[in-house]
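Here is a short briefing for a first look at this structure. Keep the sequence and the 3D view open while you read.

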Amino acid sequence: MPAPVSIVIPTLNAGAELPACLEHLMEGLSAGLICELIISDGGSQDETRAIAQAAGAEWISGAPSRGGQLRRACAVARGEWLLVLHADTRLAPGWADAVAQHLETGQGLPAYFRLRFRASGVMPALVAGWANLRSRLFGLPYGDQGLLIRRDTYVAAGGYPDQPLMEDVALARRLKGLTALPSAALTSAVRYQRAGWLRRGGRNLWTLARYFLGATPERLAKSYSK
């Protein structure tokens, strides 16, 4: 039986984070889960491409829009399942067993990982706790929680829209039965540490509210990156 999972990672100057992300994927390779690694780049000027090539990844390059990058990569993926990750996400040990179990017993439903930050303290735990609660109650996991989805389900849902922000929310809103995997995605806390946990968390909530109220992803992206 061929390995069922295509790993898809969008990048833009991700040289500092990508090696650790790829290292944490090795247990999936050992377990026979991963059939290919696709890196969809938005014009990196650092060592991202060299790292991807050293890992044997398929390299796709195009305009720097995360939704567009993901859409291009998923369009060429050959696996029965897609596992979409951000370059600054590291899957916790044991993730391969959780994914294998879901592939066997999850009834083909899309799934995501529980969020944890690579930081200690009360605020990282509170912000991650809210993200996990939002995901469970409203079916809105963000991209830093990863997305495990059958390729045919992804296609039927219309895939990622070509937009620079909220592409993860746009797709999640079209999916049914999103379920949490019993494993964690450990994501970078840099944006929160720079801006402050309360300030960054509040900005994220306001960005989501503006998106639901009709603000364009292009306009949201300009303020989000500040």
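Start with aspartate 144, which lies in the loop between helix 6 and strand 7 (147–150). The coordinates come from a predicted model.

**Aspartate 144 and its surroundings**

- Leaving out residues up to four places away in sequence, aspartate 144 touches His86, Thr89, Leu115, Ala185 and Thr187.
- Leucine 83 is 61 residues from aspartate 144 along the chain. The C-alpha atoms of aspartate 144 and leucine 83 are separated by 12 Å.

**Salt bridges**

- How many salt bridges does a search of the whole structure find? The search finds 7 salt bridges.
- One of them pairs glutamate 17 with arginine 118, with the closest N and O atoms 3.0 Å apart.
- This pair links distant parts of the chain, 101 residues apart. Glutamate 17 sits in the loop between strand 1 (5–11) and helix 1 (18–23). Arginine 118 sits in the loop between strand 6 (111–117) and helix 6 (122–138).
- Arginine 118 has a relative accessible area of 28%, so it counts as partly exposed.
- Another salt bridge joins arginine 66 and glutamate 167, whose closest N and O atoms are 3.1 Å apart.
- Arginine 66 belongs to helix 4 (residues 66–76) and glutamate 167 to helix 8 (residues 167–172), so the pair ties together parts that are 101 residues apart in sequence.
- Glutamate 167 is buried, with a relative accessible area of 1%.
- Arginine 150 and aspartate 152 also meet through their side chains in a salt bridge, at 3.1 Å from N to O.
- Arginine 150 is partly exposed at 23% relative accessibility. Aspartate 152 is partly exposed as well, with a relative accessible area of 45%.
- Salt bridges with shared partners join Glu17, Arg90 and Arg118 into one network.

**Helix 6 against helix 10**

- Two packed helices are described by the angle between their axes and the distance between the axes.
- The axes of helix 6 and helix 10 (residues 197–212) come within 10 Å. They cross at roughly 15°.
- The crossing of helix 6 and helix 10 is right-handed.
- On the helix 6 side, the contact is made by Met123, Pro124, Val127 and Trp130. Helix 10 meets them with Trp197, Leu198 and Leu205.
- The residues of this contact divide into 7 nonpolar, no polar and no charged.

**The buried residues of helix 4**

- Which residues of helix 4 are buried? They are Gly67, Gly68, Gln69, Leu70, Ala73 and Cys74.
- An α-helix has 3.6 residues a turn, so residues three or four places apart point the same way.

**Positive phi angles**

- Asparagine 13 is not a glycine, yet its phi is positive, at about 50°.
- Asparagine 13 is found in the loop between strand 1 and helix 1. With 40% relative accessibility, asparagine 13 counts as partly exposed.
- Methionine 166 is not a glycine either, and has a positive phi of about 65°.
- Methionine 166 is found in the loop between helix 7 and helix 8. Its relative accessible area is 7%, so methionine 166 counts as buried.

**Alanine 170**

- Where is alanine 170? Alanine 170 is in helix 8.
- Alanine 170 is buried, with a relative accessible area of 9%.
- Alanine 170 touches Pro161, Gln163 and Tyr211, with residues up to four places away in sequence not counted.
- Alanine 170 and isoleucine 39 are 131 residues apart in sequence. From C-alpha to C-alpha, alanine 170 and isoleucine 39 are 21 Å apart in space.

Definitions and conventions:
Residues are numbered from 1 along each chain as its sequence is written. This is a predicted model: local features need pLDDT of at least 70, side-chain atom pairs count only at pLDDT 80 or more; totals for chains, interfaces and linings use all residues. Side-chain values use heavy atoms; hydrogens and water are left out. A salt bridge is a side-chain nitrogen of Lys or Arg within 4 Å of a carboxyl oxygen of Asp or Glu. Helices (H or I, at least four residues) and strands (E, at least two) are DSSP runs, numbered from the N terminus. Buried means under 20% relative accessible area, exposed over 50%, partly exposed in between (1.4 Å probe, protein chains only). Axes are lines fitted to C-alpha atoms, for helices over the stretch in contact, and angles run from 0 to 180 degrees between N-to-C directions. A crossing is left-handed if the near helix is turned anticlockwise from the far one by less than a right angle, and right-handed if clockwise. Contact means heavy atoms within 4.5 Å. Ala, Val, Leu, Ile, Met, Phe, Trp, Tyr, Cys and Pro count as nonpolar, Asp, Glu, Lys and Arg as charged, and the others, Gly among them, as polar.
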